[in-house]
Protein chains: 4
Amino acid sequence: MLIVMDHAATEAQVAAVAAAVKAMGLVAQPIPGSERTAIGVLGNEGYVDDSSIRDLPGVREVIHVSKPYKLVSRDFHPEASVVEAGGVRFGNGQPPVIIAGPCSVESETQMLAAAHLVKAAGAHMLRGGAFKPRTGPHSFQGLGYEGLKYLRQAGDAAGLPVITEVMRIEQLETVCRYADVLQIGARNMQNFDLLKEVGKLGFPVLLKRGMSATIEEFLSAAEYILAEGNERVILCERGIRTFERATRNTLDLSVVPLVRGMSHLPIIVDPSHATGKRSLVAPMAKAALVVGAHGIMVEVHPDPEKALCDGAQSLDGAGFSKLMAELNVLRGIL
Amino acid sequence: MLIVMDHAATEAQVAAVAAAVKAMGLVAQPIPGSERTAIGVLGNEGYVDDSSIRDLPGVREVIHVSKPYKLVSRDFHPEASVVEAGGVRFGNGQPPVIIAGPCSVESETQMLAAAHLVKAAGAHMLRGGAFKPRTGPHSFQGLGYEGLKYLRQAGDAAGLPVITEVMRIEQLETVCRYADVLQIGARNMQNFDLLKEVGKLGFPVLLKRGMSATIEEFLSAAEYILAEGNERVILCERGIRTFERATRNTLDLSVVPLVRGMSHLPIIVDPSHATGKRSLVAPMAKAALVVGAHGIMVEVHPDPEKALCDGAQSLDGAGFSKLMAELNVLRGIL
Amino acid sequence: MLIVMDHAATEAQVAAVAAAVKAMGLVAQPIPGSERTAIGVLGNEGYVDDSSIRDLPGVREVIHVSKPYKLVSRDFHPEASVVEAGGVRFGNGQPPVIIAGPCSVESETQMLAAAHLVKAAGAHMLRGGAFKPRTGPHSFQGLGYEGLKYLRQAGDAAGLPVITEVMRIEQLETVCRYADVLQIGARNMQNFDLLKEVGKLGFPVLLKRGMSATIEEFLSAAEYILAEGNERVILCERGIRTFERATRNTLDLSVVPLVRGMSHLPIIVDPSHATGKRSLVAPMAKAALVVGAHGIMVEVHPDPEKALCDGAQSLDGAGFSKLMAELNVLRGIL
Amino acid sequence: MLIVMDHAATEAQVAAVAAAVKAMGLVAQPIPGSERTAIGVLGNEGYVDDSSIRDLPGVREVIHVSKPYKLVSRDFHPEASVVEAGGVRFGNGQPPVIIAGPCSVESETQMLAAAHLVKAAGAHMLRGGAFKPRTGPHSFQGLGYEGLKYLRQAGDAAGLPVITEVMRIEQLETVCRYADVLQIGARNMQNFDLLKEVGKLGFPVLLKRGMSATIEEFLSAAEYILAEGNERVILCERGIRTFERATRNTLDLSVVPLVRGMSHLPIIVDPSHATGKRSLVAPMAKAALVVGAHGIMVEVHPDPEKALCDGAQSLDGAGFSKLMAELNVLRGIL
């Protein structure tokens, strides 16, 4: 931690700050400069709460050097992790994992059709939402537990592991019985109680970046899961909220190489929610592989025009097969 | 709903879209223009899912006229609501409600001191967090159920109703036993399961705007609570996330008059979390009253420099008394 | 400047960074910590370009303590400045300056009507755009030099100094002949050549914050003008671009007390462009005074529904008179 | 244009709006719905200013269907344009154009070294800034006219056409003598006077997206150039400003396929300014090609650690050669 003093801070003010640092059990090292004095804080292990210092007279700014996360950091865990989930492996040295399926489970027939379709095209895992977080209460909220069964049946029929979103703690036990991977959605990225409970399970988790989460917050959310003992975490970039509304969100692809440098956890990309437009899904999916994503999660529906949710961003069977062919060509050269 | 066609859309494409609208049980009214055709959609009651239309050939854009909320809207509920909570009334024609207290409950002594301090200065309700949502797991997470007791004791001792944040469904029953008002924090604004459960209680709820929630999403989140039968909802603006990081968030004060026009629910402002800086709390609190807020929620700590959480944005006793005096002068002329 | 090294940085890497700092003529002071080493950089006067250091092996982050501005900073110029412009004084201890008038000069008659109207209601300065920055080229672009004449005539007739926007360097000489204060619009806040030329004049300038300018960039833009010798600069907050589109921009009122603490320059607020909605102008104007703005710039049109530009955010005569009455009451208690 | 009325709007209010539409010479077609009436506006050619309508009693919202641009739109110019500049062709069916060189011209030697280096690696055009827009006035501002000469000499020596930024109108004549392509930087994207003057020249222009410009504003800025008769415009995405500060900007790659659908103009990507980090440049450059960019502009410096500007985001010779080899492999499969 570095404490920057005002240009006009007095020696007494500098001394008072140094005393407050010592009162916290830490070491204060003044760094006098030509324009102002700064005070380096040494001896802390991890992030320091600056409440007792930030507002002392003469303090202009407190700059944190330590981050609120440590277990997810590559700084302390230099080798990249490979996370196994449902028999599939996410991480460096592994082929990119393709997760595909409809936004929501709508019926037994729809899930079966979707599962066979994505399997035939080469996907490695089946997605499908049984519990759906919708902006308003008057939209379709998902089939619930019935949806979980259809998802599992479809996965089994097609020979694919399945992933589905969990929205509340009471659902965890049941969802773990039906699914191979738990998904925490963007809206729940800072639902810390859910993160903690998921951390207590030995179950693999896909954690989506919150709509306005900084990378620091994203990694700190993952830290909640690891701090409870669960290291089977896969990160997922899915677009952030910006002023631009021509796309549903703004897909921030540069986080993929950035996070790969900062954390040992694998990271995949969801181009469907990020763009909200079918025509943009394939180009962004390919770009995701090129920047180093360990996988892709893409919405595929046997009949997108009849989808109860997010049809406009779903690929149909032909679109997904074409994308898979293109991804395979790309993989050949990566 | 208005469907805007491409300039070069063919008559067959227009006809296909009209047919899709009819298949949804709605009426399609083409509006030919000099540059392109638009198709008005009539007959819907409420928001229409556009999945089956948005991606048909020749469609350029689908524009929604209906909103995903209705119960919270002033359009269908013209008179402003007054919400009673803990013996205090929020809404038009009522004096602004001042809620004050520490960010988190730290000890029995601290809460008692805080309660007497804010009561003496004229506050109407006591705040204090027992469960704290913190960015990282290594920060102080609150005292939990023990904190609830201290909060209640302090409120009783000072003669103040109390409000506290609830973060998970299992806490609801206990929290309702100790608190007079439930708070849903910004990070849980779209924790829809929590909203639904809170909606099933007859208990008053303060709902904070999510960090990157549009007003439409904010009102839709409130709609979840009303849709379950609970109309005792108070909205709270607490700053949004923008590119500007000189303040913790950007306090969007214009939403106060805007929301008062769009919804019948009362709305208050939290200038402490919005700015993150003690020196900005008082000016923004006063501005909030001036733009029409039905109340203010402000962090006050008997000894901010020793606060375990958010000390830098907390007022001390003297600061809060000064603010209350200024607010009283303002109220005299509003 | 503080250079933060990786946890795993070697001693040789630390030494290489220290050598690079010395090569810049500065002093490097290593600060060893329990988790990593940081290197304090001493001896710089002002902002240091970190290009030669930021990417050296083992460097994790470079943190700047010095700012890219100095002349506008209160750190080096502790007393607040009062800027005189057109016989009116902006700054601490002065009554707030009310600038009013139409978005654009449309005709001689319109300007005369507007001038008499705002004068009668108590405004201190007349605004009106002769050169209009419009998103697209097919919208009304302003009357140009003819507009300047009408503005001047109207100001003279009503006894008001006038302010108008300048968009290109060649206009400066003529605009200075007609106007009392130059306005640099949000879109030109980083038109550095224009800033430099304006800095060479002894003329008062109102500098609007760019739509996505941080406060650091805003103050640095003002620094361009002061660096050329012109200290007669008035800052103006006019809303920033955020994800929220229910208002035209998001008025960031907290910058007023914040900038007053960081800079000695006066700062005013434009609630009209910030909100884009007539009904929000009056509450936000009042709030601006309450948070300490040294003035307000508000759009007033004799007949808003016939305005060629921004009619929907313009007050009419009655609306402005009502606002002035309310502002006067507020001023009585501030 | 669609005018949406309040739920409670009276028939008289609807009639008044219809009358106002007719007074503008347009046709009003009421569309009664179950919840509210909407009024379609027909007969307009292009964008309609809604000032006289947006604030009439009973009006809830005005929705624009026409855009503020037309000449740049693919709607009215279905075939993609190929823009020739300095002997190089940008657009569909052309190999992607690689523009490379230092952020700023620093000396004759540096430019010659850079030119030979990028030519040897296979670049098609040389970049180098003579006039530099810097946040603060105390940073290096570029060599000015002397820099133009060095740039031209270096381009001639290496056999490369050159591109450079122009910041003020008076520079245009000279810059056109030295350069093959003009660059309008992000900060000047809405410097409309500069756009108009550039539009009057028959000279090719690279227009960078403003830091917080929507796609609509970006295309409208290009419209200013085309409206003056200059169709030789190349668009350039260079990252937008968002809440995320871990990268300098957020590269919005999805605009490439999106803009290719909306406009006939070619579009390229600048991964250097977008990310601000050397390690992210290569992955994002490759991703840009994959999503369909017609070219890439990348910063290359013979000795990045000694660069006077943006060294941390510049590739050195080896880094650029490696990138070119990877891009060539990618091009083979695209």
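Analyst: In chain A, 66% of the contacts between residues at least 6 apart in sequence join residues at least 24 apart; two residues are in contact if their C-beta atoms, placed from the backbone, lie within 7 Å. The model is predicted, so local features are described only at pLDDT of at least 70 and side-chain atom pairs only at pLDDT 80 or more, whereas totals for chains, interfaces and linings use all residues. Residues are numbered from 1 along each chain as its sequence is written, while chains are lettered from A and ligands numbered from 1 in the order in which they are written.

The average pLDDT of chain A is 93, and 99% of its residues score at least 70; pLDDT is the predictor's confidence in each residue, on a scale from 0 to 100. For the complex, the predictor gives an ipTM of 0.92 and a pTM of 0.94.

Chain A contains eleven helices and 14 strands. These elements are DSSP runs numbered from the N terminus, helices being H or I with at least four residues and strands being E with at least two. Along the principal axes, the C-alpha atoms of chain A fill a box of roughly 75 × 40 × 40 Å. Chain A is divided into domain 1 (2-63) and domain 2 (83-333), with bounds that come from an automatic or database domain assignment. The centres of the two domains of chain A, taken over C-alpha atoms, are 44 Å apart. Of the 334 residues in chain A, 60% are buried. A residue is buried if 20 or more other C-beta atoms, placed from the backbone, lie within 10 Å of its own, exposed if 12 or fewer do, and partly exposed in between.

Among the buried residues are Ile215(A), Phe218(A), Leu219(A), Tyr224(A), Ile225(A) and Leu226(A), together with Glu217(A) and Glu223(A). The buried residues of H7(A) pack against H6, strand E11 (205-208), strand E12 (233-237) and helix H8 (255-262) of chain A. After H7(A) comes Gly229(A), which has a positive phi near 110°.

Chain A is superposed on chain B by a rotation of 180° with 0.0 Å of shift along the axis, at an RMSD of 0.0 Å. The C-alpha of chain A nearest this axis is that of Ser212(A), at 3.1 Å. Such superpositions are by least squares on the C-alpha atoms of residues with pLDDT of at least 70 in both copies. Since 100% of the interface residues of chain A are also interface residues in chain B, the copies meet through the same surface.

Chain B has a further interface, in which 29 residues of chain C are in contact with 29 residues of chain B. On the chain C side, H10(C) gives the most, with seven residues. That side comprises 16 nonpolar, ten polar and three charged residues. Chain C can be laid on chain B by a turn of 180° and a shift of 0.0 Å along the axis, with an RMSD of 0.0 Å. These two copies are thus related as by a two-fold rotation axis. Ala287(C) comes closest to that axis among the residues of chain C, its C-alpha lying 2.3 Å away.

Methods:
Ala, Val, Leu, Ile, Met, Phe, Trp, Tyr, Cys and Pro count as nonpolar, Asp, Glu, Lys and Arg as charged, and the others, Gly among them, as polar.
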